[in-house]
Structure formats: structure tokens, C-alpha cells
Amino acid sequence: MADLLLPDHVYLERFEDVPVTAGLASQTIGLSKPVVSPQFNTRHLGETLICLARAMGGSLAASFPWADYETCLRETLAEKWDVLMKDGVWTAEQMTTAGSSFRAPALEAATIGVEGEASAFPLLLIPYDSLRISSGYIGDAPFMIKTVADTVIKGKDGFVDINPQTAAEIGLGEGSLALLTTPCGEASVRVHLDEGIMPGVIAMAKGLGHTAYDGYLADKGVNINELIGPVEDPSSGHDAAWGIRAKLAKA
Amino acid sequence: MKHEQQHNPPMKYGMAIDLDKCTGCGACMVACMSENNVPFKTDESNKLDSITWIRVYKLTNGKSFPDTDICYLPRPCQHCEGHGGHSPCVSVCPATATDYSHETGIVSQIYTRCFGCRYCMAACPYHARYFNWWDPVWPDGMEKYLSPNVSPRMRGVVEKCSFCFHRYQQAKNKAYLNGERRVPEAAYQTACTQACPAGAIVFGDLNNPEHKVHQIVQPDPHNGNRSKNPRAFRLLERLGTNTKVYYLSSREWVRRAGDNYLAHETTGHVSKPHH
């Protein structure tokens, strides 16, 4: 546990360069500008680091010579600063790529199996990202959770999407309560029939089932992370598991 | 500064929403609620009492996997003109709490006049109106976000999308001070339009040929304001509600979902008003 907490401004309260890390053809940097004054007793992380370096003295202080973070940003962004202040975004005109061939060593690696036995768990549970549900470490804000459909959460209940044909085989209808079991755990869920989902697959939104904060976020739906386990990708060492075998039974 | 006493031609503010661009992200809903001081409760999953001036519906073509196609449809108030300003909701309001403006084409809602009979909600074919079953409650600190330009509503009244009318009022004042006769297109835009990351919503004066919305929609005044754009349609167009929110899609099943068609009927037919 931390001995010291140094609360940062939120993005609406601070200057920050936001480089786009992937997905664009040329190098692109955005600039976040403060639009409100800090609402709480917080300090910009950059400011904190500059202060700490100054207090420590020596070569560390010399490496952080700026009076404040805004000066640091202006000087390090140099000629990009004026464009960023004017347009909010800077894009490199010319971009050279490392090569023109595409190599993916992972494609040659052995296929990773999904956890669980098909005999005991006939379905495949896939977590999905919803544009209306924040699945990172910060949960949905009240307005955002309000936009989530009543076929994703209803009261405290979370839903799984299932093909009507698969649902009929198990004897489940729209809105039915069901017990979802995976090799990692079990949860009570409701069923939403979705023609667009592949038969034999069930899908559940990521980012729900929070226990923290307040009634606007907590106790809504199921935390899918409790139902799936990590499987290591042998070529990258990353977590390759994005699904798990599952069983759905009438509750 | 001298202003000539001269009437401007009436405006008809409206929208063109491109359903082939909408990703269903819900940013329009969030921007709208934030802009218009729409409250929130801990549980908003009962959509009958969940107030969303613009609501994004999910449509499907009804075909099984793998031929399923989906479409998201944002639904603000359609600001019906009907025939000569006879919007379904305006016609039934016993309190004159909702009115059709012939100056802007906007259907208003005057909260302090509304006594909550909800005839307008029953009359609206688009479920665009919402009732305040409770007084709004904002958690500590959240009241700081409230817009001072929009009055919060009290328990017992109906509310709905106003096309961000307070923004029109501000833009009109600014135009007057700048000596401009008309509100410039960019000076009055709704919160949902500006928030849409896909650029799916275009807002402006349907009467003004210089406005983008007019150019997209090309409304035909001789044919019940039906769009001349073959991609465009309106919701339940054959009711004669003469709405000012036009939808665009290149997909026939989406255009067909906009009205109740019989199997042998083709899309795009508009009946003459019954009056």
C-alpha cells in the first residue's frame, strides 16, 4: 500500500500532451487544455515531479529546470506548441515507416485453447466492449450508465446475449433468469435474445459488476473478470484469454 | 446602431441524422443530459421513467446470424409541424404549456404552465416526452455542473428535447448585438450535434438554402416537406406529423423500419394531410 497519495488534476483541469500511440498513418499529438479550475486540493503530476526534483537538488534538479509544467511542455514541444495551441492537434507531415512487409510471428505459434471442457461447458462465453460502458479502472459516470440499454442491465441484473436458437435449446426466453457457470465461477444472469450472435456463443459486456463507489455505479450486472481466467500467449507472454467455455442453465 | 423594422422569413430548425454514420456510442445522449440539466437516479434501467431527451434505439433487420444487420437510431423530439403547426402534442395540451413556434419551427415546453396531465405523452407517436415522477436530486458536488441557462424541472411536469432552445436565445442576442439580421448557422447548434464523433447529426434551418441541413434534406414544400433526397425518410411519415428530423440511410430495411409498411407497400409514399 502507498504511504503517500499525490492526487492529480483530472484531464479537464490540466495541460497535457496526448500522443496517439497507434492506428494513424502519421505521428499525431493532441493537446489537452484546462477548461475548469481544479475542483479539489490536487496538483498536476508534472508539477509534482518538478517540485520533487528541485527539492532533491543536484543533477536531478538540473534535469528538471522548468519553473512549472506548462513551461516544460512548451519547451519540449518546441515548434509544435503554437500549432497545438491554435488547432489542438499536431500531425507530422512526413512519416517514414520501418518497412513495407508485415510480419506476425504469433501466427506461426501453436493455437491456444479456450479454458474448459466442451463436454461439461457446451457454450463459449465472450466478453465484449461496449461503447457505453467504461471497462478500464474508472467506471461509468452516472450519465453514461444511464445510456446503457435495459437489455444489458436491468436493476441489479446483468445480461448475456444469446442466439434465440441456442436459448430455445436450453429452454430460455427473453429476460429469463439463468445460472451461468464457467470453470472459474458462476453468476446469476438474465438472457437477452440476439439474432446477430453466433449459435453456441454467449456474450457479456465488460466493465460491469463494480463493488466500489456509489449506487450510480456499484451492484449493476456481473463482473465478467470473475468468470474468466488468464491464459498466457506463449509468443508474447500476454494474456490471450478473451473467452472461456461456459454453461447456461435455467434458474 | 440602426435596425430596420423588417420581418425575417420564418425559420424551420431541423435535423438530418445519417444512420449509416451513427455508431450508437451514446455521446449525443450524454451531451444532451449534461447540457439540459437532465437529472439521473441510481437505477435508470426502467426506461419508462428514465428521462432521455434524445434516446438511441437499436434496430435489427430481423435476419439470423450471420446475415444480421443492426442500425442505431437516435431519437430526439421530432418537432412536428403537422399541418400549419398542429403538432400532435400541441393540439391536446389543455394548458398551452407546449406550443409550435412559427418563427423557429421549434415545439416548446413551458414547465411552469404544465400541470402534468400527460395528454401530450399519450399523443406523441415518438415517445419523445418524459414525465418527472420525482424532484431531481443531484449528489453533493454534482450541482456544480448545472447549466445556468436551462431551468431544472420539478416533480409533476413533462419535459422533452427543446433543440437546445437556450442556445438559440443566446445566439439571437449575440447576432442582434453584432448587427446581424440572421443567426449564423454555426452560432446555433445543438449539444448532440456538436458531441457526435461521427458527424452523423446535421442541424440548421431547413428553410435556408445556405444551411447544410437544407442541402442534404432538400425538403419539398409541395409534397408535405418530404425530402427529395432518396436516402432520406422521416419516422411514421405517413401519419402527416410533418416532422423536422430527417433520417438518412442507404439501407432499404432501415428506411422501411421508419414506418408501418404492409408487405406489398413500397417506402417513400407520403399521404396528403387529412385537414
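Let's start with two helices in chain A, α3(A) and α4(A). They pack at an angle of about 115°, and their axes are 7 Å apart. Helix α4 of chain A covers residues 80-87. Keep in mind that this is a predicted model. Who makes the contact? From α3(A) come E70(A), L73(A), R74(A) and L77(A). From α4(A) come K80(A), W81(A) and L84(A). By class, that contact has 4 nonpolar residues, 3 charged ones and no polar ones. A quick reminder on the helix itself: there are 3.6 residues a turn, so residues three or four places apart point the same way.

Staying in chain A, look at the surface. There is a nonpolar patch there, built from L4(A), L6(A), L45(A), L49(A), L52(A), M56(A), L60(A) and F64(A). Together these residues have about 780 Å² of accessible area. Which element gives the largest share of the patch? Helix α1 of chain A, residues 45-56, with 4 residues. F64(A) sits elsewhere, in the loop between α2 (58-63) and α3 (69-77) of chain A. F64(A) is partly exposed, with a relative accessible area of 30%.

One more stop in chain A: Q27(A). This residue is in the loop between β1 (16-19) and β2 (28-32). At 39% relative accessibility, Q27(A) is partly exposed. Leaving aside residues up to four places away in sequence, Q27(A) touches W90(A), T91(A), A92(A) and M95(A). Take W90(A). In sequence, Q27(A) and W90(A) are 63 residues apart. In space, their C-alpha atoms are 8.3 Å apart.

Now chain B. Helix α1 of chain B runs over residues 27-35. Its buried residues are C28(B), M29(B), A31(B), C32(B), M33(B) and E35(B). What do the buried residues of α1(B) pack against? In chain A, α5 (142-146). In chain B, β2, β3, α4 (165-177), α5 (191-195) and β6 (201-205). After α1(B) comes N37(B), with a positive phi near 55°.

On to salt bridges. The whole structure has 20 of them over all chains.

First pair: E81(B) with K12(B). The closest N and O atoms are 3.0 Å apart. This pair links distant parts of the chain, 69 residues apart. E81(B) is in the loop between β3 (70-75) and α2 (88-92), and K12(B) is in the segment before β1 (13-18). Buried or exposed, these two? E81(B) is buried, at 12% relative accessibility. K12(B) is also buried, at 17%. The cut-off for buried is under 20%.

Next pair: D18(B) with R231(B), closest N and O atoms 3.1 Å apart. D18(B) lies in strand β1 of chain B, and R231(B) in the loop between β8 (226-227) and β9 (232-233), so the pair ties together parts that are 213 residues apart in sequence. D18(B) is buried, with a relative accessible area of 8%. R231(B) is partly exposed, at 25%.

Last pair: D69(B) with R251(B), 3.1 Å from N to O. Again the parts are distant, 182 residues apart. D69(B) is in the loop between β2 (55-60) and β3, while R251(B) is in the loop between β10 (245-248) and α7 (252-257). D69(B) is partly exposed, with a relative accessible area of 25%.

Notes
Residues numbered from 1 in each chain as written. Chains lettered and ligands numbered in written order. Predicted model: local features only at pLDDT ≥ 70, side-chain atom pairs only at ≥ 80, totals over all residues. Heavy atoms only, no water. Salt bridge = Lys/Arg side-chain N within 4 Å of Asp/Glu carboxyl O. Buried < 20%, exposed > 50% of the residue type's maximum accessible area, 1.4 Å probe, protein only. Patch = residues over 30% accessible without salt bridge, like charges linked within 9 Å, V, L, I, M, F, W, Y side chains within 5 Å. Areas by Shrake-Rupley, 256 points an atom, 1.4 Å probe, with all protein chains shown as cover. Axes fitted to C-alpha atoms, helices over the stretch in contact; angles between N-to-C directions. Contact = heavy atoms within 4.5 Å. Nonpolar A, V, L, I, M, F, W, Y, C, P; charged D, E, K, R; others polar.
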